[in-house]
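Thanks, everyone, for making the time.

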Amino acid sequence: MPIISRRTILKGSAAAAASFAIGGGLAARNGIAAPLRLKAQFTEAALASDGITPKVMTYGTGEAAATGMPPVIRMKKGEPFAARLMNALDEPTTIHWHGLRIVNAMDGVPEMTQPYVYPGDGFDYTFTPPDAGTFWYHPHCNTLTQMGHGLTGVIVVEDPADPVFDAEIVLNLRDWRLGTGGAFIAPFKPRDAARGGTYGTVRTTNWQQQPSYDAPAGGLVRIRMAATDVTRIYSLAAEGAPAVVIALDGNPVDAPYPLDLLDFGPGQRVELIVRMPDQEGTEVKLGNVRGSSPFTIATLRATGASLKRDIREVKPLPANPVAEVDLSTAKRIPLDFTATAEHAPVPSICGTIGYTFWAINKVPWQGDTPDPGAPVSELKLGKSYVLQVRNRTPHAHPIHLHGLSFRILNSNKRTILPPPTDTILLLPDEQAELGLVADNPGDWLLHCHIIEHQKTGMSGYFRIV
């Protein structure tokens, strides 16, 4: 189970040795010479109720064949991390470290920051995560298939200054497009790709349908949740216990606030503290209430004698070192996210799916410029910018920026503004201003994280020099 109790945390090295077995992931410690070994490979999994799904893609960490979802990778804020990707698939792949503000050469985008990793080859990733929080990792190559077939894992970057809660549960949320007998079916439908995206047929959390986890009665439980699906937007609610939001997209909120209804889309992360009921056996349900078919994401079951914790004990987490934009000098860059009348395929990062439905500044990838390989805009290192984003479509778009964090300065659709983030769930007809400091040199991808939208034109990049 992806749960760590306070007692387990306090066991130190023994806990680290056992952490992968209980879903806690692998610790990345300063001083370990050997990098974490991540082998992209095929496996099979019991995802559907009527059969075993073959040729599921996952990451293994040892010599034996992997049999489950990609591991939760644990790093430490400000400490070097190293991983070696080995490709045992039958096609090229890479790893993108989603949300981590790391050096450009480690960002994992083929043809932009690194070469393809071909079958049988490897690639070494080395970087130091500057921020604590919840992040995730996935390929940026043939993404609709590779992510849709399982290559999405969660990253936890720990901060020694964080409070220790009574337990921690990590939830990886994703759909699968499966047909009869659990076999994969076509990853998308063109008519849906031109709208909100093609939904999966089987909904899972940690590769299980509506899993249940034990948690200490009366305790404060930290829930780390990542939407690693290629399409689905969630509306999160809790039933049976009070819960407060403590972080969004890897950054702490200014002050924890009660969870009522929280929307988040592909690529985004949510951290909650749930105060478990006092009575053993009582259940708490985390659910998605969006759309016509609400469902349970996960159930928490109270166990043991009550710890009698008080949710008012929850204080703000330490902030990450995100630079504040200087509005007095900031240059403004307009970015319109639109549909397009051009439906022929155009070149795209790591391939195309054969259609063009979406665009940035009225032009599908590759960029609003006579040079099809040029960036959307060139930014000066260390300077402040305001991105004036406008969603001119009737569909929501989770717009993700690699390598940088931005702050939502204002919006015509929201009154409560989140902490610094790497992804904005841009609502239909929303207009917002995003402030950022261009403090990380290199070429940084900007795209919708509904992967069908990314692959059909809603993608571009900034160059910081």
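Before I describe any lining, a word on classes: Ala, Val, Leu, Ile, Met, Phe, Trp, Tyr, Cys and Pro count as nonpolar, Asp, Glu, Lys and Arg as charged, and the others, Gly among them, as polar. With that in hand, the lining of the largest pocket divides into 21 nonpolar, four polar and eight charged residues.

Where pLDDT is low, the predicted coordinates should not be read in detail.

As for the overall architecture, the chain contains five helices and 31 strands, and 57% of its 465 residues count as buried. If we take the contacts between residues at least 6 apart in sequence, 74% of them join residues at least 24 apart. The chain exposes about 17700 Å², of which carbon and sulfur atoms supply 53%.

Now to the largest pocket itself, which holds about 770 Å³ of space. It is lined by 33 residues, and those closest to its centre are Leu248, Tyr257, Leu262, Arg414 and Ile416. Which elements give two or more residues to this lining? They are strand 16 (243–248), strand 17 (251–258), strand 18 (262–264), strand 19 (269–275), strand 27 (407–411) and strand 28 (423–426), and strand 17 provides the largest share, with six residues.

The largest cavity has a volume of about 140 Å³, and among its 17 lining residues, Gly148, Trp176, Arg177, Pro187 and Val230 lie nearest the centre. Helix 3 (143–148) and strand 11 (167–176) are the elements that give two or more residues to that lining, which by class comprises seven nonpolar, six polar and four charged residues.

The second largest cavity has about 70 Å³ of space and a lining of 13 residues, with Ala132, Gly133, Pro252, Leu317 and Pro318 lying nearest its centre. By class, this lining has five nonpolar, four polar and four charged residues.

That is where I will stop, and I am happy to take questions.

Terms used:
Residues numbered from 1 in each chain as written. Predicted model: local features only at pLDDT ≥ 70, side-chain atom pairs only at ≥ 80, totals over all residues. Heavy atoms only, no water. 1 Å grid on protein atoms, 1.4 Å probe; cavity = no way out; pocket = protein on both sides within 12 Å on 5 of 7 lines; lining within 4 Å. Points joined across faces, edges and corners; volume = space filled by probe spheres on them. Helix = DSSP H or I, 4+ residues; strand = E, 2+ residues; numbered from the N terminus. Buried < 20%, exposed > 50% of the residue type's maximum accessible area, 1.4 Å probe, protein only. Contact = heavy atoms within 4.5 Å. Areas by Shrake-Rupley, 256 points an atom, 1.4 Å probe, with all protein chains shown as cover.
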